[in-house]
Amino acid sequence: MPLITLEHIGFKYEEKWVLRNISFEVNKGEFIGIIGPNGSGKTTLLKVIDGVLIPQEGDVQINGISCNKLKREHLAKMIAVVPQESMMIFPFTVQEIVLMGRAPHLGKWRFEGETDFRIACQAMEMTDTLSLRNRSMNALSGGERQRVLIARALAQQPQIMLLDEPTAFLDIKHEIDFFDMIQLLNKNQDLTVMAVTHDINLASLYCDRIILLREGNIHCMGSPDEVINESHIKEVYETNVAVDKNPATGKPRVTPLSSHPSEGGSRLKSGAAPQL
Ligand code: ADP
């Protein structure tokens with residue numbers, strides 16, 4: 001049985017449908033990428049899977065059980081969300097933040113016990129944040145902070161991890177470190193991962209399957225080889241690209257092309273530069 005099933009999902013915030021007729025299945029242990037232009041519904045789709053947004057049409061099932069029959073606490077134990085790295089102020093230590101991941105598991109007195117501390121420590125070890133445990137979250141770099149947010153998600157001991165552009169503000173090293181770590185958890189712990197990313201090449205590198213969204217519809221879904229080709233990317237992003245095989249990885253690789261290559265990429269005619 002698939003771990004996640006979406007059947008004919010339709011969602012609108014107000015009048016306009018933001019997701020239309022979305023159906024797919026995700027098996028336990030898969031690493032799924034969600035790509036598509038800005039505003040195509042990627043974040044909304046994650047929120048529908050997380051149960052934060054209730055679709056007006058269709059059904060989301062986890063392990064074959066409709067989400068609207070599952071208690072919120074049950075979903076919180078199963079699904080962890082790692083949001084975009086934000087500039088939010090966190091007036092907490094790293095350990096306090098990671099322990100927050102235990103919240104769905106706490107008994108009625110809401111106090112953390114020995115087991116919760118042990119699990120939080122393991123999560124910090126796995127994400128290489130244990131040495132930061134007593135530091136204030138505010139005093140960390142973007143990359144460190146993002147690792148702490150993953151540690152919090154891991155402390156939740158979820159079956160499913162939903163990532164919303166988790167590396168949007170990270171440099172290339174931290175971006176790769178982050179995806180390597182998620183891949184390790186995916187392979188070693190059988191964690192099911194669904195990640196929204198604006199970076200098609202990263203999705204190509206790490207994901208088993210990719211969902212390409214266009215205006216709230218699934219344009220196509222499949223392996224990186226099936227989804228990432230010039231016609232799909234041009235149709236959906238309405239821009240000129242070349243797609244070849246990355247010689248180092250064998251995965252499809254997208255190179256954006258300027259529409260005015262002979263002019264060094266500038267959209268301005270030579271000599272027509274604006275006077276500043
Ligand atoms: P993406 O993640 O692909 O950029 P989103 O899921 O954030 O897309 O947004 C899809 C569409 O829904 C956009 O047109 C966006 O303006 C709209 N939208 C997102 N959040 C809200 C909201 N809270 N209220 C109304 N419209 C929203």
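A salt bridge, as I use the term, is a side-chain nitrogen of Lys or Arg within 4 Å of a carboxyl oxygen of Asp or Glu.

**Entry 1: ground rules**

I am working on a predicted model, where local features need pLDDT of at least 70, side-chain atom pairs count only at pLDDT 80 or more, and totals for chains, interfaces and linings use all residues. Residues are numbered from 1 along each chain as its sequence is written, and side-chain values use heavy atoms, with hydrogens and water left out.

**Entry 2: salt bridges**

I searched the whole structure and found seven salt bridges. Side chains of opposite charge can pair when their charged atoms come close.

I began with Lys173 and Asp177, whose side chains meet at 2.7 Å, N to O. They are four residues apart in helix 6, so about one helical turn separates them. Helices here are DSSP runs of H or I with at least four residues, strands are E runs of at least two, and both are numbered from the N terminus.

I then checked burial. Buried means under 20% relative accessible area, exposed means over 50%, and partly exposed is in between (1.4 Å probe, protein chains only). Lys173 counts as exposed because its relative accessibility is 52%. Asp177, at 37%, counts as partly exposed.

Next I took Asp116 and Arg102. Their closest N and O atoms are 2.8 Å apart, in a salt bridge. Asp116 sits in helix 4 and Arg102 in the loop between helix 3 (94-100) and helix 4, so the pair ties together parts 14 residues apart in sequence. I find Asp116 buried, at 10% relative accessible area. Arg102 is buried too, at 5%.

Asp50 is buried, with a relative accessible area of 11%. Arg72 is partly exposed, at 42%.

**Entry 3: the ligand**

Which residues are around the ligand? I list Tyr13, Val18, Pro37, Asn38, Gly39, Ser40, Gly41, Lys42, Thr43 and Thr44.

Helix 1 (residues 42-50) gives the largest share of the shell, three residues.

I looked for polar contacts next. The term means a pair of N or O atoms within 3.5 Å; within protein, one must be able to donate a hydrogen and the other to accept it, and residues adjacent in sequence count only if both atoms are side-chain atoms. A polar backbone atom of Ser40 is 3.1 Å from a ligand oxygen. For a polar backbone atom of Gly41, the distance to an oxygen of the ligand is 3.0 Å. Thr44 contributes a polar side-chain atom, 2.5 Å from a ligand oxygen. The protein covers 58% of the 560 Å² of accessible area that the ligand has on its own. Accessible areas come from the Shrake-Rupley method with a 1.4 Å probe; for residues, only the protein chains shown count as cover.

**Entry 4: two threonines**

Is Thr197 buried or exposed? I find Thr197 buried, at 4% relative accessible area. Thr197 lies in the loop between strand 8 (192-196) and helix 7 (200-206). A polar atom of the Thr197 side chain is 2.9 Å from the backbone nitrogen of Asp199.

Thr127 is in the loop between helix 4 (114-126) and helix 5 (142-155). Thr127 is buried as well, at 1%.

**Entry 5: positive phi**

Most residues other than glycine have a negative phi. I noted Asn21, in strand 2 (residues 17-26), with a positive phi near 50°. Glu238 also has a positive phi near 50°. Glu238 is placed in the loop between helix 9 (230-237) and strand 11 (241-245). Glu238 is exposed, at 63% relative accessible area.

Conventions: Near = heavy atom within 4 Å.
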